[in-house]
Structures are given as C-alpha cells and as structure tokens.
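Work through the exercises below with the sequence and the model at hand. Each task is followed by its solution in steps.

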Amino acid sequence: MPIIVNVDVMMAKRKMSLNELSEKVDITLSNLSILKTGKAKAIRFSTLEAICKALDCQPADILEYQPDKK
C-alpha cells in the first residue's frame, strides 16, 4: 500500500511508549499496534486527531504517501 504510517517514528521522537500513547489516545494496544505496523486499512479522523494531539504533530508527520514502484 502506498500510504506509510510513521506513528513509531513520531513516538520515538517524543520518547513515548506504545502504552502511554494508547492511554492518551484511548485506543487499545492491539489497534494501535495494527496502525503502527502499517496493517491498518483505515483510520478515523477522530483517532488521527487524538494521535496528533498526543504527539504534538501534524497528520503529515504520521501519514506519508509513497507511490508503488513499477
């Protein structure tokens, strides 16, 4: 999929653990892990907003578009 999720990068920059982000965003660890590993097929804007608020970043810091190489 050409959308790359960089939640782990932002978590590292903010020195925040998966557990801490999970509590701040009020999302289960398993769902956050699915998002972090890039296996998610969708994300709600409310979830994206909560993640951006918790990590003090912009959506573009979390989501990146990389076209498929052919």
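α2 passes α3 in a right-handed crossing, where right-handed means that the near helix is turned clockwise from the far one by less than a right angle. The model is predicted: local features need pLDDT of at least 70, side-chain atom pairs count only at pLDDT 80 or more, and totals for chains, interfaces and linings use all residues. Residues are numbered from 1 along each chain as its sequence is written, and side-chain values use heavy atoms, with hydrogens and water left out.

**Exercise 1.** Describe how α2 packs on α3.

Step 1. The two axes lie 10 Å apart, at an angle of about 110°. Axes are lines fitted to C-alpha atoms, for helices over the stretch in contact, and angles run from 0 to 180 degrees between N-to-C directions.

Step 2. This makes α2 roughly perpendicular to α3, a label for angles of 65 to 115 degrees.

Step 3. On the α2 side, Leu 18, Asn 19, Leu 21 and Ser 22 meet Leu 29, Leu 32 and Lys 36 of α3; contact means heavy atoms within 4.5 Å.

Step 4. Sorted by class, these residues are four nonpolar, two polar and one charged. Ala, Val, Leu, Ile, Met, Phe, Trp, Tyr, Cys and Pro count as nonpolar, Asp, Glu, Lys and Arg as charged, and the others, Gly among them, as polar.

**Exercise 2.** Describe the contact of α2 with α4.

Step 1. The axes of α2 (residues 18–25) and α4 (residues 45–55) come within 9 Å and cross at roughly 120°.

Step 2. The crossing is right-handed.

Step 3. Leu 21, Lys 24 and Val 25 of α2 meet Thr 47, Ala 50, Ile 51, Ala 54 and Leu 55 of α4. Six of the contact residues are nonpolar, one is polar and one is charged.

**Exercise 3.** Which residues of α4 are buried, and which are exposed on the other side?

Step 1. Thr 47, Leu 48, Ile 51, Cys 52, Ala 54 and Leu 55 are buried (under 20% relative accessible area, with a 1.4 Å probe and protein chains only).

Step 2. Viewed down the axis of α4, they fall within an arc of 165°, so they line one face of the helix. The arc is that of the directions from the helix axis to the C-beta atoms.

Step 3. On the other side, Phe 45, Glu 49 and Lys 53 are exposed (over 50%).

Step 4. The buried residues pack against α1 (7–13), α2, α3 (29–36), α5 (59–62) and β2 (63–65). Helices (H or I, at least four residues) and strands (E, at least two) are DSSP runs, numbered from the N terminus.

Methods. Parallel < 35°, antiparallel > 145°, perpendicular 65-115°, else oblique.
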